[in-house]
Amino acid sequence: MGSPMKLRARADGDVVEVKILMAHVMETGQRKNPAGEPIPAHFIQTVTVTYGPRTVLSAQWGPAVSANPFLSFKFKGGEKGGTIRVNWVDNKGDTRTDATIIL
Amino acid sequence: MPMLVHRFTKRMQMNQTRRDVVRQGSIVALLMAAGLLRPGDVCAADWNPAAFEIKKLEDLVTLLGGEPATASDAIAINAPDIAENGAVVPITVSSAVPGTDAISILVEKNPNVLAAAFEIPAGTLPEINTRVKMAQTSNLFVLVRAGGKYFYAAKEIKITLGGCGG
């Protein structure tokens, strides 16, 4: 299920700025535990941000995105009160979707 | 200007040598491998393992094809010159190339070079702010697709503590 994301979407005129902070280990698979055994990779692979039926950003990530990933971007045409949904899927098939209202 | 880019630019002004073709082709191939060449695909992208397993830009020479990426001043990379912690390197990239519809972030000396690939649908501003890991001091490449053509910019970021160690 994953942990909740922190989301913020703020409209400034016609432009909405979306800020996303995800809770995820983003383990690279390159590290070893103290016993010298490799720690398996565990990272978010795809991210999709939607505003109503419209996809406003989609991404493919590798394990080189930092732990607890931060992402921000802007799109045009969003209105206050509208809903932004963010979905991620990781390499173990875990997924999480959170939503926020545009302020 | 980072050394590599300087050499790169200089070479591109001369007749292309084989290595230029290899390097430029590899960038294009990387984008192809990343699935960024699929037209009109703004839905949730399927994750492309081949693209993220690439160890070196040059490894993609076998997929060479399409148009070479060209250096562009219209791509801005806002990132620290020196990052103390390679595990968290904040990066803002923006493209003033008209018609930008995809932005990828690559770290040349990471174990796998491709860090993240973003699809920018119409109406979304071509500006991304995120944080990536860097194993060591390296060039960070930003590749932009606009109107079916490819553009890049690079910035060297010095790392004092690597982000992939044990």
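Visitor: Why is A:Arg96 called buried?

Guide: Its relative accessibility is 16%, and buried means under 20% relative accessible area, with exposed over 50% and partly exposed in between (1.4 Å probe, protein chains only). So A:Arg96 counts as buried. Before we go on, this is a predicted model, where local features need pLDDT of at least 70, side-chain atom pairs count only at pLDDT 80 or more, and totals for chains, interfaces and linings use all residues. Side-chain values use heavy atoms, leaving out hydrogens and water, residues are numbered from 1 along each chain as its sequence is written, and chains are lettered from A and ligands numbered from 1 in the order in which they are written.

Visitor: What makes A:Arg96 and A:Asp98 a salt bridge?

Guide: A salt bridge needs a side-chain nitrogen of Lys or Arg within 4 Å of a carboxyl oxygen of Asp or Glu. Here the N to O distance is 2.8 Å, so the pair qualifies. A:Asp98 is buried too, at 13%.

Visitor: How do you know that B:Arg145 and B:Asp101 form a salt bridge?

Guide: Their closest N and O atoms are 2.7 Å apart, so they meet that cut-off as well. B:Arg145 is buried at 7%, whereas B:Asp101 is partly exposed at 26%.

Visitor: How many salt bridges does a search of the whole structure find?

Guide: Six, over all chains.
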